[in-house]
Amino acid sequence: MKHIKPLLLAGVVSFAVMGCGKSPAPQEETSVKETIAATEKESVAAKDEAQTVKLLKADALTDDMQLVDVREEEQYIGWNTGNKPGGHIAGAVDFPASWLSQSPDTYAIRTTMENELKRRGIDSEKPLVLYGDDTVPEETASMYAELGFKDISVLEGGFSSYLETGGEAAMLPGFSLYVYPDWVQALIDGKKPDTYEGSDYKIIEVSLSSEEGEYESGHIQGAINIKDTFNHVPGLRVLSEYENIPMEEQLKFWNRPEDSVIQENLEKAGITQNTTVILYATTPATTAAHRAGVLMKYAGVKDIRFLNGGKTLWKLQNRPLETESNIPENVSFGTKVPSNPDLIYDYDEELGCVNDNQAVIASIRSWKEYIGNVSGYTYIGEAGDIAKARFGYAGSDPYSMEDFRNIDNTMFNYEMIKDRWVKWGIVPDKRISFHCGTGWRASETYWYSLALGYPDIHVYDGGWYEWSKMPDSPKKEPGVPADAPEQEPAEYFIPKEK
């Protein structure tokens, strides 16, 4: 692959990004001389439109530069991959070059490249500095030029050069929670990838009930399958069907199974407290995988990881899948369930948070749910939210999490996640209870906050479903709170077509 090298004296290299089409084929009556003249004119115009890419040394970086890291997500968040160092330059935004070669119909979410740049605050009208492991290839820089960037520089020697000159790497504190495809493949191949302690492991594909045949059609080698019924007691989906069901029974729906059932399900899956569990799923089932992770940690599993990007990224990278089902052997879990009961909050604990000024009620729901315009579910009648709830972002509807996902289904920029939360008072020095409708979206953000290093975090299991049914439960006033830091969320997802 060709790399950009400095020219003598000038220290820059130029390449042309053709904004014009090819020269029109000469008509029969056009003379050869006229055709040559037209071609030369177009060539001059192309040179005038050529983009100049400048080389920038690491010691010339300043805080106000618009830095973009074009490496893969695993390196950006902190993984060393081979001899390539992990982490990133503080203030740099992740935008892997691999995204630029994705076809729109492979996106994990509905979006465009322009939209993805916008949601990260990357402005094509401002100077841009790109960096990779080494000097950024010409092909990569040209793709950014084609997106409309006119002032492009590349960091000479890339991230390695930055570190060699004394620069420090910024990284996600708990990056090891989010493993990457090569890490999983190394595990399958009998190797010992970084941070793996060598215990028994299980790769688990979590499937939605609506994804019939998904696992059977192809899964990661050795993976076993867990259905989303692992996560809850399934309930009725039509509101009118609840009329003749006692409230005591209604409150069991959509909540976690009994502890004995959780333990039994884990043992059937071959999981002990010491099993390293790697969870993954399709894009729609990613919340289900995180919810399963919460129940496993609640039960007492000590080492839980997530394949960042899940099945979506695995397939985007054209990695192999097998179709033969894997059936685990029953085991003994090895400890009392739950071993971490404080992870999950029930109604009384959530009520305690409402009455505690040092606690934050984090609402991981769509904006329409948060302000009380919709309940969000066919089986929840009342719209609204829990008293003192602060908006924690989510997505376009109760089953989506675009605000936390990249186009390949990997975790969105963790620094931007934290910035959004801090704006709404969801800060690490307070006790935080995440909730949504029934605990799935909240479970996903539980793991993100754990990776961010938040020390006192919990998931309110019952969510708005339970809260709306409890008599005298304190509720948030409809609409945008008077002290809200923004009157509408900074969301950039493209609404789904009706």
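Which residue stands opposite Ile-457 in β18?

Modeller: The residue opposite Ile-457 in β18 is Ile-432. This is a predicted model, in which local features need pLDDT of at least 70 and side-chain atom pairs count only at pLDDT 80 or more, whereas totals for chains, interfaces and linings use all residues. Residues are numbered from 1 along each chain as its sequence is written, and side-chain values use heavy atoms, with hydrogens and water left out.

Strand β17, residues 431-435, runs parallel to β18 and is joined to it by three bridges; two strands are said to pair if DSSP finds at least two bridges between them. Between β17 and β18 the chain passes through helix α16, residues 440-452, in a right-handed β-α-β crossover (with the strands pointing away from the viewer, the path from the first strand over the helix to the second runs clockwise). The element names follow DSSP runs numbered from the N terminus, with helices (H or I) of at least four residues and strands (E) of at least two.

Strand β14, residues 344-345, also pairs with β18 in the parallel sense, over two bridges, and there Val-459 is the bridge partner of Ile-344. These pairings belong to an open, parallel sheet of five strands, whose order is β14-β18-β17-β15-β16. Its edges are β14 and β16 (389-391), each of which pairs on one side only.

As for the faces of β18, which spans residues 457-460, Ile-457 and Val-459 on one side and His-458 and Tyr-460 on the other are all buried, and both faces are thus covered; buried stands for under 20% relative accessible area, exposed for over 50% and partly exposed for what lies in between, with a 1.4 Å probe and protein chains only.

Rings of Phe, Tyr and Trp (its six-membered ring) pair if their centres lie within 6.5 Å, and planes under 30 degrees apart count as stacked, over 60 as edge-to-face and the rest as tilted. By this rule the count comes to 34 aromatic pairs. In one of them, Tyr-196 and Tyr-201 have ring centres 6.4 Å apart and planes at 85°, so the pair is edge-to-face; Tyr-196 is buried, at a relative accessible area of 8%, while Tyr-201 is partly exposed at 27%. Another pair, Tyr-347 and Trp-467, has ring centres 4.8 Å apart and planes at 40°, so it is tilted. Because Tyr-347 lies in helix α13 (residues 347-354) and Trp-467 in helix α17 (residues 463-469), this pair ties together parts that are 120 residues apart in sequence. Tyr-347 and Trp-467 are both buried.

Strand β10, residues 201-207, pairs with β11 in the parallel sense over four bridges, and Ser-207 stands opposite Lys-227 in β11.

Turning to packing, the largest nonpolar core has 127 residues, with Leu-130, Tyr-144, Val-184 and Met-296 making the most contacts inside it; such a core is a set of buried Ala, Val, Leu, Ile, Met, Phe, Trp, Tyr and Cys residues joined through side-chain atoms within 4.5 Å. Helix α11, residues 286-299, gives the most to this core, with eight residues. A second, separate core of 11 residues includes Ile-89, Ala-92, Phe-159 and Tyr-162.

A search of the whole structure finds zero disulfides, a disulfide being a pair of cysteine sulfur atoms within 2.5 Å. For the chain as a whole, the secondary structure comes to 17 helices and 18 strands, and buried residues make up 54% of the 498 residues.
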